[in-house]
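I opened my notebook to get to know a new fold. Here is what I looked up, entry by entry.

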Amino acid sequence: MTSPALIVGLGNPGREYAAHRHNVGFQVVDALAHSHKLAFSGRKGLARIARGEIGGQPVILAKPQTFMNLSGKSVGRLSRTLNVPPERILVVYDDLDLPLGRLRLRAEGSSGGHKGIRSIMDVLGTQAFPRLRVGIDRPPGRMDPVDYVLQPFDRDQKPLLAEAVARAAAAVECWLADGIIAAMDRFNAPATSD
């Protein structure tokens, strides 16, 4: 039997962080849960989880309850206790180096300086797990990137953010149905060329 797909949205736990740029991963898995009528009613591996099916495939959606930089503790435990190999784990997270709303899927790769991804690599012992980056844009002027990611989106960014979250959820569905190559071909281009 195929192991379930584990879709992990990265973010920081707590209501005060919910609307921050660093919590885009949580927003994407929340959107998936909502559209597929799944509920984050359980806890496992230091994460809130929702179990169910998307497109006929068994899935576990997860929101680690460690802080971002310790995401590997949660993902490692989930991988072990749920018996999900790295290639069946899709991690969704924010990226400063992509324009707001752009998506970038990869089958594997470096952390690109993202501390949550670095933590996951360290714990899993591999770079070979799929990931979906959601662009949040660079901070303006000389603002510290740490301060930038821990702020909510500006009012004029919210419509583009809503589009990006919906496209990211669709990209996850495509990955589940058709695999990483098909999802990359369809979603790595700018939204206007879809």
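**Entry 1: an exposed loop residue.** I began with Lys 37, which counts as exposed because its relative accessibility is 76%. For my own reference, exposed means over 50% relative accessible area, buried under 20%, and partly exposed in between, with a 1.4 Å probe and protein chains only. Lys 37 sits in the loop between helix 1 and strand 2 (42-44). Its phi is near 55°, a positive value in a residue other than glycine.

**Ground rules.** I noted that this is a predicted model, where local features need pLDDT of at least 70, side-chain atom pairs count only at pLDDT 80 or more, and totals for chains, interfaces and linings use all residues. Residues are numbered from 1 along each chain as its sequence is written, and side-chain values use heavy atoms, with hydrogens and water left out. Helices (H or I, at least four residues) and strands (E, at least two) are DSSP runs numbered from the N terminus.

**Entry 2: another positive phi.** I found Leu 46 in the loop between strand 2 and strand 3 (47-54). Phi of Leu 46 is near 60°, again positive in a residue other than glycine. With a relative accessible area of 34%, Leu 46 is partly exposed.

**Entry 3: two buried loop residues.** I looked up Asn 23 in the loop between strand 1 (5-9) and helix 1. Asn 23 counts as buried, at 1% relative accessibility. Not counting residues up to four places away in sequence, Asn 23 touches Leu 10, Gly 11, Asn 12, Tyr 17 and Ala 18; contact here means heavy atoms within 4.5 Å.

I then went to Ile 136, in the loop between strand 7 (131-135) and helix 4 (145-149). Ile 136 is buried, at 0% relative accessibility. Leaving aside neighbours within four places in sequence, its contacts include Arg 21, Val 24, Leu 96, Tyr 148 and Phe 153. Leu 96 is 40 residues away from Ile 136 in sequence, yet their C-alpha atoms are 5.4 Å apart.

**Entry 4: helix 1 against helix 5.** How do the axes of helix 1 (residues 24-35) and helix 5 cross? They come within 9 Å and cross at roughly 65°, which means that helix 1 is roughly perpendicular to helix 5. I keep the scale here: under 35 degrees is roughly parallel, over 145 roughly antiparallel, 65 to 115 roughly perpendicular, and the rest oblique. The axes are lines fitted to C-alpha atoms, for helices over the stretch in contact, with angles from 0 to 180 degrees between N-to-C directions. Among the residues that meet are Ala 31 and Leu 32 in helix 1, and Val 165 and Ala 168 in helix 5. By class, this contact has nine nonpolar, two polar and one charged residues. Ala, Val, Leu, Ile, Met, Phe, Trp, Tyr, Cys and Pro count as nonpolar, Asp, Glu, Lys and Arg as charged, and the others, Gly among them, as polar.

**Entry 5: helix 2 against helix 3.** I saw the axes of helix 2 (residues 71-82) and helix 3 (residues 115-124) come within 7 Å and cross at roughly 40°, so helix 2 is oblique to helix 3.

**Entry 6: helix 6.** Which residues of helix 6 (residues 180-187) are buried? I noted Ile 180, Ala 183 and Phe 187. What covers them includes strand 6 (103-106) and helix 5 (158-178). The face turned away from the buried side carries the exposed residues Ile 181 and Asp 185.
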